Amino acid sequence: DGLTRLLSDREIADELALSSADPGRMCDRLINLCLERGAPDNVSVVVVAITDFPDADAQTVRMPIPGR
């Protein structure tokens with residue numbers, strides 16, 4: 001919640017695209033941006049690296065994002 005209150009979806013996407021392939025560094029960068037903007041509480045970030053993609057014929061499942 002702290003992350004999305006201080007960074008827009010676009011800013012988050014841009015940071016993920018510009019950061020290294022290291023998920024830990026991506027998390028650190030996003031947290032540091034929030035802290036620089038005065039995050040009033042703790043900020044949690046989880047970045048998942050997907051290294052294997054399903055077959056093109058596999059069914060795609062879309063999950064809704066709570067609160068959006």
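Predicted model: local features only at pLDDT ≥ 70, side-chain atom pairs only at ≥ 80, totals over all residues.
## Overall fold

The protein has three helices and zero strands. From the N terminus on, its elements run α-α-α. Helix H2 spans residues 9-18, and helix H3 covers 23-36.

Of the 68 residues in the protein, 21% are buried. The accessible surface comes to about 5800 Å². Carbon and sulfur atoms account for 52% of that surface. Among contacts with a separation of 6 or more, 46% join residues 24 or more positions apart.

## The nonpolar core

The largest nonpolar core has ten residues. They are Leu3, Leu7, Ile12, Cys27, Leu30, Leu33, Cys34, Ala39, Val43 and Val45. H3 supplies the largest share of this core, with four residues.

Cys34 is one of the core residues. Leaving out residues up to four places away in sequence, Cys34 touches Gly2, Leu3, Leu6, Leu7, Ala39 and Val43. Leu3, Leu7, Ala39 and Val43 also belong to the core.

## Glutamate 15

Glu15 is found in helix H2. Glu15 counts as buried because its relative accessibility is 15%, and the cut-off for buried is under 20%.

The side chain of Glu15 makes a polar contact with the side chain of Arg29, at 3.1 Å. Setting aside neighbours within four places in sequence, Glu15 is in contact with Arg29, Leu30 and Leu33. Leu30 and Leu33 are members of the largest nonpolar core. Glu15 therefore pairs a buried position with a polar side-chain partner, Arg29.

## The surface patch

Val46, Val48 and Ile50 form a nonpolar patch on the surface. Together they have about 360 Å² of accessible area.

Val48 lies in the segment after H3. Val48 has 64% relative accessibility, so it counts as exposed; the cut-off is over 50%. The C-alpha atoms of Val48 and Asp22 are separated by 10.0 Å. These two residues are 26 residues apart along the chain. Ile50 is also found in the segment after helix H3. Ile50 is exposed because its relative accessible area is 59%.

## Summary

Glu15 of H2 is buried and in contact with Arg29, Leu30 and Leu33. Val46, Val48 and Ile50 make up a nonpolar surface patch.

Methods
Residues numbered from 1 in each chain as written. Heavy atoms only, no water. Patch = residues over 30% accessible without salt bridge, like charges linked within 9 Å, V, L, I, M, F, W, Y side chains within 5 Å. Areas by Shrake-Rupley, 256 points an atom, 1.4 Å probe, with all protein chains shown as cover. Salt bridge = Lys/Arg side-chain N within 4 Å of Asp/Glu carboxyl O. Helix = DSSP H or I, 4+ residues; strand = E, 2+ residues; numbered from the N terminus. Buried < 20%, exposed > 50% of the residue type's maximum accessible area, 1.4 Å probe, protein only. Core = buried A, V, L, I, M, F, W, Y, C linked by side-chain atoms within 4.5 Å. Contact = heavy atoms within 4.5 Å. Polar contact = N/O pair within 3.5 Å; in protein donor to acceptor, adjacent residues only side chain to side chain.
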